[in-house]
Amino acid sequence: MPELLQRQVRNGLLRQFPEDVFQLLAPFLDPIELPVKHSLVRPRKPIEHVCFLESGLASMVAESADGKSVEIRHVGREGIAGYPVVLGVDRTPNKTFMQVAGFGLQVATEDFLSVLEHPCVRQLLLRYVHTCELQLAHSALAAAKFNMHQRLARWLLMCHDRIDGNDLPLTHEFLALMLGVRRAGVTDELHILEGMHAIKSTRGNVRITDRNKLIEIAGGCYGVPEQEYERLIEGPEPEVVFPVGRPGREHAIVAREPGSCLRD
């Protein structure tokens with residue numbers, strides 16, 4: 001297999017690894033196709049692999065004892081599936097699986113944990129876990145204080161941040177899972193966003209036609225976790241702050257000396 005070069009990867013965390021640590025990890029990173037419904041983390045099962053997503057969209061889902069479920073966060077090329085191992089946890093009741101097909105770089109947990117001994121990598125990954133917790137907190141805030149079409153706008157923006165282009169291959173069933181509502185309710189809310197000229201919804205696809213309008217609709221329930229990721233993971237930006245994972249960001253990434261630690 002050709003040598004994996006750091007400049008070739010798209011994953012936001014791997015791009016920030018110190019160069020020497022990335023070179024140590026690279027031989028253990030196995031390319032993997034990630035079809036829809038592919039399981040990345042199984043509930044209550046040992047987390048045997050960590051996956052750095054390069055493309056596609058994964059969902060972390062919480063399930064109640066009686067089988068009710070709701071999506072609690074997204075994972076795209078900004079992050080990793082299996083991040084509880086960073087906290088010393090070998091399994092979780094939550095499950096993570098692919099909602100939009102993609103590609104990833106998978107590493108056995110034991111090989112991944114060895115890089116945590118590097119203080120800069122540990123700092124980076126703990127900061128990423130912090131942004132994950134913020135995303136969860138703001139999902140709870142959105143559910144409690146914002147109306148349904150605002151929450152839907154937020155979820156669509158979060159998907160848009162992680163998927164190339166303006167077409168989001170999302171089914172109504174997936175959107176219902178994201179919001180914890182019935183499918184019929186999702187259809188009604190999509191019609192509201194269409195009426196505001198922010199999206200165009202067809203079977204199995206939502207096209208973002210006006211991202212700025214979608215941000216306006218979402219209001220205060222979108223943006224805080226994204227800004228924190230920008231601040232802590234990618235470093236200070238120039239005057240304009242681009243959303244996580246959107247095309248055109250690459251020139252805004254602040255270069256660091258190989259092996260240097262992150263700073264506030």
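## Overall surface and composition

The accessible surface of the chain comes to about 12500 Å², of which 54% belongs to carbon and sulfur atoms; areas follow the Shrake-Rupley method with a 1.4 Å probe, and for residues only the protein chains shown count as cover. This is a predicted model, in which local features need pLDDT of at least 70, side-chain atom pairs count only at pLDDT 80 or more, and totals for chains, interfaces and linings use all residues. Residues are numbered from 1 along each chain as its sequence is written, and side-chain values use heavy atoms, without hydrogens and water.

Of the 264 residues, 51% count as buried (under 20% relative accessible area, with a 1.4 Å probe and protein chains only). The secondary structure comprises eight helices and nine strands, taken as DSSP runs (helices H or I, at least four residues; strands E, at least two) numbered from the N terminus.

## Helix 6

Helix 6 (residues 183-195) has 13 residues and should span 18 Å, which agrees with the 19 Å between its end C-alpha atoms; the expected span is 1.5 Å times one less than the number of residues. Its buried residues are V186, E189, L190, L193 and E194. Seen down the helix axis, these fall within an arc of 145°, so they line one face of helix 6; the arc is that of the directions from the axis to the C-beta atoms.

The buried residues of helix 6 pack against helix 4, helix 5, strand 8, strand 9 and helix 7, where contact means heavy atoms within 4.5 Å. Helix 6 is followed by H197, whose phi is positive, near 65°.

Note on methods. Buried < 20%, exposed > 50% of the residue type's maximum accessible area, 1.4 Å probe, protein only.
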